[in-house]
Amino acid sequence: DYFFNAEGLLAMMHVTKPAVENALEGALGAYVKAFELDPSKVKEVTEGLQSIVQKYATDAETEYNLGNDALSSVYFEKAAEVSGTAPLNNYDGMLLSNAALTAQRANDIARAQQLYEKCIEKEYYGEGDVVLRLALLYGNNGDKAAQKQILELGFAKLPNNKDILLNLIEF
């Protein structure tokens, strides 16, 4: 499917029938295996992994723009996971946070909570947004102890974040 802007220029393309099913997963497996067999190919494998991250992120953004938040979340999570794969080893917390947010928008609250918790495990706080969103989910689930604990952690990690401080004071 092709989407055009007001000027008639191509703005977005959505692949509905890929030429090869699960091509990115296959490419990921091939790069991982190549690195295992020949660690001297670090540059080529790193570039290949970065390309896979970018392609998953692009797919995630496309699905988001089409309103497919659940699928967008899956692609954002895949991009984050690939970013942490050796030898790239540069786990992208923002991609994981986007996976959580789109899961939340898709009303998959359990998945969103799990992904936000993983952000915290990876020490990605998104300038406090991850902490605040996770605290809100805990509060909505009635887990006041977890809500307070995550706000306290957020304040310890980000003492200048006024929103975290206000939420903690209001607690």
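1. Let's begin with the core. The largest nonpolar core has 36 residues, and those touching the most other members are Tyr56, Leu95, Tyr116, Ile120, Val131 and Ile150. At least two residues of this core come from each of α2, α3 (69–83), α4 (93–105), α5 (109–121), α6 (129–140) and α7 (144–157). Please keep in mind that this is a predicted model. As background, nonpolar side chains in soluble globular proteins tend to be buried together.

2. Setting aside neighbours within four places in sequence, Leu95 contacts Val53, Ala57, Phe76, Ala79 and Ala80. Phe76, Ala79 and Ala80 turn up again where α3 meets α4, as does Leu95 itself.

3. On to that helix pair. The axes of α3 and α4 lie 8 Å apart, and the helices pack at an angle of about 165°. The two are therefore roughly antiparallel to each other, and α3 passes α4 in a left-handed crossing. On the α3 side the contact uses Asp69, Ser72, Ser73, Phe76, Glu77, Ala79 and Ala80, and these meet Leu95, Leu96, Asn98, Ala99, Thr102, Ala103 and Arg105 of α4. By class, the residues of this contact are seven nonpolar, four polar and three charged.

4. Next come α5 and α6. Their axes approach within 10 Å and cross at roughly 140°, which means that α5 is oblique to α6. This crossing is left-handed. From α5, the contact takes in Ile109, Ala112, Gln113, Tyr116, Glu117, Cys119 and Ile120, while α6 brings Val130, Val131, Arg133, Leu134, Leu137 and Tyr138. Ten of the contact residues are nonpolar, one is polar and two are charged.

5. Finally, how do α1 and α2 cross? The axes of helix α1 (residues 23–37) and helix α2 (residues 42–65) come within 10 Å, with a crossing angle of roughly 160°. That angle is why α1 counts as roughly antiparallel to α2. Here too, the crossing is left-handed. Leu24, Glu25, Ala27, Leu28, Tyr31, Ala34 and Phe35 of α1 meet Val42, Glu44, Val45, Gly48, Leu49, Ile52, Lys55, Tyr56 and Asp59 of α2. Sorted by class, this contact has eleven nonpolar residues, one polar and four charged.

Methods. Residues numbered from 1 in each chain as written. Predicted model: local features only at pLDDT ≥ 70, side-chain atom pairs only at ≥ 80, totals over all residues. Heavy atoms only, no water. Axes fitted to C-alpha atoms, helices over the stretch in contact; angles between N-to-C directions. Helix = DSSP H or I, 4+ residues; strand = E, 2+ residues; numbered from the N terminus. Parallel < 35°, antiparallel > 145°, perpendicular 65-115°, else oblique. Left-handed = near helix turned anticlockwise from the far one by under 90°. Contact = heavy atoms within 4.5 Å. Nonpolar A, V, L, I, M, F, W, Y, C, P; charged D, E, K, R; others polar. Core = buried A, V, L, I, M, F, W, Y, C linked by side-chain atoms within 4.5 Å. Buried < 20%, exposed > 50% of the residue type's maximum accessible area, 1.4 Å probe, protein only.
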